[in-house]
Amino acid sequence: MPMTKPDPPAQTLLDLIEDSVALYERDGTIIQVNGITARLFGRPLDQLVGHRLWDLFPDAQGNAFWQHFHRVCETGEPSSFENFYEPWGLWFENTARMVGDRVAVIGRDITEQVRARQQTESLTT
């Protein structure tokens, strides 16, 4: 699989964004990610770009993120969703949409908000 190098000006712009931002091929191959995403994935950019997300994180296959990713690819319709990624113990709020023939995903860690919501709900029941 040919290695795609991130566009430096675009990378600089992406790194200013405080949410996780990633652009994927339909098969999950990572085209570009920002620094937040690289830190979250625990790998430098050169170990992410050109690799399939599902090969890097095989336990993500079949989870809510995977399902929404594939639904966006199949329908072309954007999707906003929350998902819990068990290996990291984190909750994410994501928006996935087609950008041309690729999938863009913007996400943020909402673990603290979900825990606060769960605590509030447990107090009211």
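This is a predicted model: local features need pLDDT of at least 70, side-chain atom pairs count only at pLDDT 80 or more; totals for chains, interfaces and linings use all residues.

Biologist: OK, and where is Val49 found?
Modeller: Val49 sits in the loop between helix H2 (35-41) and helix H3 (53-56). Its C-alpha atom is 7.5 Å from that of Thr29, and the two are 20 residues apart along the chain.

Biologist: Switching to the sheet, what order do the strands have?
Modeller: The order is E2-E1-E5-E4-E3, in an open sheet of five strands with antiparallel pairing. At the edges you find strand E2 (30-33) and strand E3 (79-85), each pairing on one side only. The twist from one strand to the next averages 25°.

Biologist: How do strands like that pair in general?
Modeller: Through backbone hydrogen bonds, either parallel or antiparallel.

Biologist: Back to this one: how many bridges join E3 and E4?
Modeller: Seven, in the antiparallel sense, with strand E4 covering residues 90-99. Phe84, for instance, has Trp91 in E4 as its bridge partner.

Biologist: And the helices? Which strands does H4 touch?
Modeller: Helix H4 (residues 64-75) packs on the sheet and touches strand E1 (20-24), E3, E4 and strand E5 (102-109). The directions of H4 and E3 make about 155°.

Biologist: What about H5, which strands does it lie across?
Modeller: Helix H5 (residues 111-123) lies across E3, E4 and E5, and runs at about 125° to E4.

Definitions and conventions:
Residues are numbered from 1 along each chain as its sequence is written. Side-chain values use heavy atoms; hydrogens and water are left out. Two strands pair if DSSP finds at least two bridges between them. Helices (H or I, at least four residues) and strands (E, at least two) are DSSP runs, numbered from the N terminus. Axes are lines fitted to C-alpha atoms, for helices over the stretch in contact, and angles run from 0 to 180 degrees between N-to-C directions. Contact means heavy atoms within 4.5 Å.
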